[in-house]
Amino acid sequence: MTLEDTKAARVEELARAKVNLALHITGQREDGYHMLDSLVVFPEVGDLISVEPAPHLSLQITGEFAAKLQGEPADNLVIKAAQMLAEHVPSASGAQIELDKSLPVAAGIGGGSADAAATLRALAKIWGASPSPADLSKLSLSLGADVPMCLEEKPARIRGIGEIIEPLSGFPSGAIVLVNPLIEVSTPTIFHALEKKDNAPLPEMPAQFESMKALANWLKTCRNDLQKPAISQASEISEVLDLLASQPETLLARMSGSGATCFALVETLQAAQSIASHLQEARENWWIRAARI
């Protein structure tokens, strides 16, 4: 990895949520990893990673869902990402890392992977490192199949186990409502409940989507293969989907990842905020956010 001439004193990176607009499980490798074909986006909502130089690596977790992550710091993917990068950057010393955890955990929106990716981006800046995107992507795969896609935070088609990333150009602007009933679901449990693991890939994708409505119409020909097994484990997901689908502005309602977070695609941020406000009044204990895509 090459070095830059200057190092940043303090860096903040938004670890955006990863939302699977479609998720087809197309197979399973001998090592247990599942093969997928997915369309992902990264709305303007997420955790916040802040880093600054320090003699040693340390992690402080704050925020709404901090209590959910109060295990051993060494087990946190943020610290693992920092340690991995330090091994490959000659100028690495230490860093004080703060994770403001505002995304729910075990929520199907890649929170831990997004945090790890944001940590890599931030530390590369304060340590004066300039790894190529390909090098950083290859390194980050060891942290988990979702981490490479979270590095770029751009709309993309994802294949393989998550390492084949095809950025999508000309993606329409719009907004999204994210809703989690604050129940945690186990990804391994959901995959275990999946009856068929060699499903068809995504249908042929247009060269570009002219609008959010066109995107939603195409997505209606797709699926989230984990949605049905997730509902079998957590029936609250059906309630979330029904409420989102019943809103007049909703173009498409579906679950993301292995759940329990669900989303509604809409054309404008104003529409998303209107839905979020309406649902929050009805379900004040749910986690609900509106954001641009």
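E13, R16, R121, K125 and E153 are linked in a network of salt bridges. A salt bridge here is a side-chain nitrogen of Lys or Arg within 4 Å of a carboxyl oxygen of Asp or Glu. The whole structure holds 17 salt bridges. This is a predicted model: local features need pLDDT of at least 70, side-chain atom pairs count only at pLDDT 80 or more, and totals for chains, interfaces and linings use all residues. Residues are numbered from 1 along each chain as its sequence is written, and side-chain values use heavy atoms, with hydrogens and water left out.

**Salt bridges**
- K18 and D146 meet in a salt bridge (3.8 Å, N to O).
- K18 counts as buried, at 4% relative accessibility; buried means under 20% relative accessible area, exposed over 50%, partly exposed in between (1.4 Å probe, protein chains only).
- D146 counts as partly exposed, at 24%.
- E64 and R289 also form a salt bridge (3.2 Å, N to O).
- E64 is exposed, with a relative accessible area of 51%, and R289 is partly exposed at 28%.

**Aromatic rings**
- Rings of Phe, Tyr and Trp (its six-membered ring) pair if their centres lie within 6.5 Å; planes under 30 degrees apart count as stacked, over 60 as edge-to-face and the rest as tilted.
- The count comes to two aromatic pairs.
- The F171 and F209 ring centres are 6.4 Å apart with planes at 80°, so this pair is edge-to-face.
- The F209 and W218 ring centres are 5.5 Å apart with planes at 55°, so this pair is tilted.
- Ring pairs link F171, F209 and W218 into a cluster.
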